[in-house]
Structures are given as structure tokens and as C-alpha cells.
Amino acid sequence: MAKNNKLQILTSQEKINKLIGRKLKNARIKRVVWVNVHKDDEVLDSYPKKKFCTQTELSKKLDCTFQQIQKYEKGSNTLSTLKLIKASNFLGVPLKEFTRIYEYVIRQDYANPLLSENIQLNNNPITKDLN
């Protein structure tokens with residue numbers, strides 16, 4: 001059986017969804033929480049501890065189903081801004097880590113105008129003769 005070797009060109013939004021999903025999954029797996037050492041109701045010390053987070057735990061914090069988390073991690077669905085902020089707070093990952101993805105994809109798309117959905121093909125001198 002022959003494989004289908006079609007070149008798949010993703011839109012900016014699809015790229016962003018996939019990269020954010022990957023970042024979300026990594027943050028969920030590598031989650032770090034701070035544990036306080038108490039003595040007589042006084043905090044003596046605190047230390048970081050790696051604490052794995054399941055899709056179910058994250059789904060409860062984001063008010064959705066674990067199937068929805070799976071779709072976010074695969075990049076099939078777009079994570080809303082509110083859910084992204086909640087996930088960022090719960091997982092202890094700065095929101096900037098997620099917003100860098102937008103900057104990266106936009107820069108990458110504009111560097112290659114043939115793949116950019118934001119540049120009109122008719123006004124682009126490279127593709128003007130293709131129409």
C-alpha cells in the first residue's frame with residue numbers, strides 16, 4: 001500500500017494550536033510545586049517538588065473534560081485565553097512562555113510569504129504571475 005506523501009501546509013492558527021498543546025503537555029508532566037516545611041504553625045523552609053499532573057486534574061481546574069485537554073494537547077482545538085491563563089497559573093508556567101509561541105509563528109510565517117495566510121497572493125511579486 002502506497003503512503004500518501006502530500007505536503008501538509010498548516011495555517012498560522014493550526015501551528016499555534018499544536019505548539020501551545022505541546023507546551024501545555026510538557027508543563028503538565030513537568031509541573032513543580034513548592035512544599036513548605038512546618039513546625040508549630042511556622043514555615044521553616046520550602047523546597048520545589050516535581051508533581052505530575054493528570055489530564056483529569058487539569059480539566060477540573062479549567063472547567064472542561066479530560067477529552068478536551070487531550071484535544072488541546074494534540075492541537076485539534078484552540079485553547080481560549082481564559083483557559084490559557086488558568087492553566088498557566090495552575091501549572092506554574094509564566095504566561096509569557098505561551099505568548100512567545102504566537103510571536104515565533106508570526107515571524108516564521110512572514111519570513112516565508114508563500115506559506116503566510118496573512119499576505120495576499122495578488123500583491124506579492126513572487127506569486128503575482130501564478131494567478
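Start with the largest nonpolar core, which has 18 residues, and select Ile-20, Leu-24, Leu-58 and Leu-91, the residues with the most contacts inside it. A nonpolar core is here a set of buried Ala, Val, Leu, Ile, Met, Phe, Trp, Tyr and Cys residues joined through side-chain atoms within 4.5 Å, and buried means under 20% relative accessible area, with exposed over 50% and partly exposed in between (1.4 Å probe, protein chains only). The elements that give two or more residues to this core are H1, H2, H3, H4 and helix H5 (95-111), and the largest share, four residues, comes from H1. Helices (H or I, at least four residues) and strands (E, at least two) are DSSP runs, numbered from the N terminus.

What is on screen is a predicted model, in which local features need pLDDT of at least 70 and side-chain atom pairs count only at pLDDT 80 or more, while totals for chains, interfaces and linings use all residues. Residues are numbered from 1 along each chain as its sequence is written, and side-chain values use heavy atoms, with hydrogens and water left out.

Now display the whole protein as a cartoon. There are five helices and two strands, and along the sequence they follow the pattern α-β-β-α-α-α-α. Buried residues make up 27% of the 131 residues. Among contacts (heavy atoms within 4.5 Å) between residues at least 6 apart in sequence, 47% join residues at least 24 apart.

Next, select helix H2, residues 55-62, where Gln-55, Leu-58, Ser-59 and Leu-62 are buried. These residues lie on the same side of H2 because they cover an arc of only 100° around the axis, the arc being that of the directions from the helix axis to the C-beta atoms. Their cover includes helix H1 (12-29), helix H3 (66-74) and helix H4 (81-91). Centre the view on Leu-58 and, setting aside residues up to four places away in sequence, look for its contacts with Leu-24, Arg-28, Cys-53, Ile-69, Ala-87, Phe-90 and Leu-91.

From there, move to Arg-28, which lies in helix H1. Is Arg-28 buried or exposed? Arg-28 is buried, with a relative accessible area of 6%. Apart from neighbours within four places in sequence, Arg-28 is in contact with Phe-52, Cys-53, Thr-54, Gln-55, Leu-58, Glu-73 and Leu-91.

Helix H4 is the next selection, and there Lys-83, Leu-84, Ala-87, Ser-88 and Leu-91 are buried. They cover an arc of only 140° around the axis, which puts them on the same side of H4, whereas Thr-81, Leu-82 and Asn-89 are exposed on the other side. Which residues does Lys-83 contact, leaving aside its neighbours within four places in sequence? Lys-83 is in contact with Leu-62, Asp-63, Cys-64 and Tyr-72. The C-alpha atoms of Lys-83 and Asp-63 are separated by 8.5 Å, although the two residues are 20 apart along the chain.
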